[in-house]
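Please examine the sequence and the three-dimensional view together before reading on. The paragraphs below proceed from the chain as a whole to particular residues.

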Amino acid sequence: MFPKISIFIPVYEESELLEPLLVDLLTDPYQNKEIFLVVDEPTPKSLELVDAFRDKVHFRLNGERKGKVNVLNGVVKESCGEILLFLDSDIQIDRRSGGFLSRISEEMREAQMIEVKKGVIRDSFLARIVSYDYLGFNFANWLFSRTLRKCLGFNGAAFAIRRETFTSLGGFRRVISEDLDMGTRSFKEGVRFKYLEDIGVYTRAPSSWREWFKQRKRWGVGTGFWLKEYFRDLVGIVRKYPRVPLSLLFIFPSLPLLLIVLLIPDELPVKIIYISLLLLSTWTSLLLPPAAFTSTTIFLLKNLFLTVCNIGVYSTIFYVIARKLGHSFNPLEFTFFYLVYSPLWLLIVITSIVKVWMNPEWVEVDWKV
């Protein structure tokens with residue numbers, strides 16, 4: 001007998017991807033399943049779905065915005081599945097995966113928590129750039145799965161967990177980044193984690209840079225509160241597992257270049273090169289122009305050289321990762337991602353962490369927890 005899978009989809013108002021998602025889940029050959037759809041402040045379009053799928057899906061409608069964490073914790077108590085599968089309403093299942101639910105059921109025999117591979121619907125320039133962000137997230141958790149079999153944080157758009165594990169962890173906590181929080185608590189409790197690379201979902205990227213900034217501001221603030229709460233635990237984890245910080249190199253590719261610029265002094269290398277050229281120019285006047293050139297532009301050349309080298313290294317790494325995980329890769333898109341997108345995202349995270357640690361009252365996030 002295959003274990004029962006309870007599927008939970010929280011919705012705020014509506015989602016254009018919701019109907020095809022329900023169709024894919026209902027037509028999936030895995031029979032032992034139940035689907036719960038919880039809608040905060042439903043729109044007429046959402047109510048049409050209620051009429052269309054009333055006999056096949058358990059609907060819970062809330063006239064006010066209760067928040068993702070609150071509605072999920074509540075509806076889990078109404079379900080009876082051994083496996084809990086949480087899906088965002090703005091995703092679509094990769095139909096090339098085949099047997100989506102059966103694969104989750106099979107893999108759950110050896111794991112207590114599963115994260116499904118995530119891609120981005122590449123329907124705009126912004127979406128194509130965001131896809132490299134998700135590629136880094138995916139590979140970081142692939143490494144956690146392969147090396148530690150534990151997860152420090154996951155993307156909650158599509159993941160599964162055993163009911164007893166969810167209960168022992170106390171469900172979702174009322175925090176901004178509930179998936180990051182649950183991942184850390186699962187790591188501390190030694191929950192067996194597995195990342196599935198052969199089945200996947202695609203998520204919708206923000207529709208504009210303004211929406212992206214709003215989303216990332218929320219994620220950054222959530223990261224700040226998470227870091228502040230678990231700081232001592234994270235220090236202990238890093239001491240026990242020194243390779244854990246390496247995941248940041250894939251989540252924030254611009255981080256190594258920033259550290260090099262901040263930690264390596266500029267004056268000493270410039271002076272050494274400048275004095276060497278001056279001394280050598282006493283032997284030949286051909287070195288006088290390079291000496292003069294060095295005094296004004298070596299700083300720019302050094303940073304340009306470091307940037308080009310880092311782009312080359314990361315392009316190669318991300319290309320290999322993309323081939324392994326079945327993602328798209330374009331060198332020009334990745335260059336923009338590395339030079340513009342990644343530094344901006346890193347800056348948002350750093351400023352958010354500083355605000356949270358200095359004065360949490362400065363933080364304002366339009367997000368119901």
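What share of the contacts in the protein chain with a separation of 6 or more comes from residues 24 or more positions apart? The share is 79%. The model under discussion is a predicted one. Its protein chain contains 13 helices and eight strands. Of the 369 residues in the chain, 51% count as buried. The accessible surface amounts to about 18700 Å², and carbon and sulfur atoms supply 60% of that area.

When residues up to four places away in sequence are set aside, Ala160 touches Ile83, Leu84, Leu85, Ile104, Met108, Gln112, Met113 and Ile114. Ser6 stands 154 residues away from Ala160 along the chain, yet the C-alpha atoms of the two are separated by 9.5 Å.

One of the residues touched by Ala160 is Ile104, which is also among the buried residues of helix H4. Helix H4 covers residues 100–107, and six of its eight residues are buried, so this helix is largely enclosed by the rest of the structure. The buried residues are Phe100, Leu101, Arg103, Ile104, Ser105 and Glu107. This list includes Arg103 and Glu107, and both of these residue types count as charged.

A search of the whole structure finds one cavity of 30 Å³ or more, and the volume of the largest cavity is about 50 Å³. Which residues line the largest cavity? They are Pro10, Lys68, Leu72, Phe86, Leu87, Asp88, Gly156, Phe159, Phe172, Glu178 and Asp179. Helix H3 (68–76), strand E4 (83–87) and helix H7 (178–188) are the elements that give two or more residues to this lining. By type, the lining residues divide into six nonpolar, one polar and four charged.

The relative accessible area of Ser168 is 58%, so the residue counts as exposed, the limit being over 50%. Glu189 lies 21 residues from Ser168 along the chain, and their C-alpha atoms are separated by 9.4 Å.

Glu13 is not a glycine, yet it has a positive phi of about 70°. Glu13 lies in the loop between strand E1 (5–12) and helix H1 (18–27). Arg149, likewise not a glycine, has a positive phi of about 60°. The loop that holds Arg149 runs between helix H5 (125–147) and strand E7 (158–162). Glu13 is partly exposed, with a relative accessible area of 31%, and Arg149 is partly exposed as well, at 38%.

Finally, the cysteines may be considered. A disulfide is a covalent bond between the sulfur atoms of two cysteines. How many disulfides does the structure hold? The number is zero. Cys151 is buried, because its relative accessibility is 0%, whereas Cys309 is partly exposed, with a relative accessible area of 34%.

How values were computed. Residues are numbered from 1 along each chain as its sequence is written. This is a predicted model: local features need pLDDT of at least 70, side-chain atom pairs count only at pLDDT 80 or more; totals for chains, interfaces and linings use all residues. Side-chain values use heavy atoms; hydrogens and water are left out. On a 1 Å grid over the protein atoms alone, a cavity is a set of points where a 1.4 Å probe fits but cannot get out, and a pocket is an open set with protein on both sides within 12 Å along at least five of seven lines; lining residues have an atom within 4 Å of a point. Grid points are joined across faces, edges and corners, and a volume is the space filled by probe spheres set on the points. Helices (H or I, at least four residues) and strands (E, at least two) are DSSP runs, numbered from the N terminus. A disulfide is a pair of cysteine sulfur atoms within 2.5 Å. Buried means under 20% relative accessible area, exposed over 50%, partly exposed in between (1.4 Å probe, protein chains only). Contact means heavy atoms within 4.5 Å. Accessible areas come from the Shrake-Rupley method with a 1.4 Å probe; for residues, only the protein chains shown count as cover.
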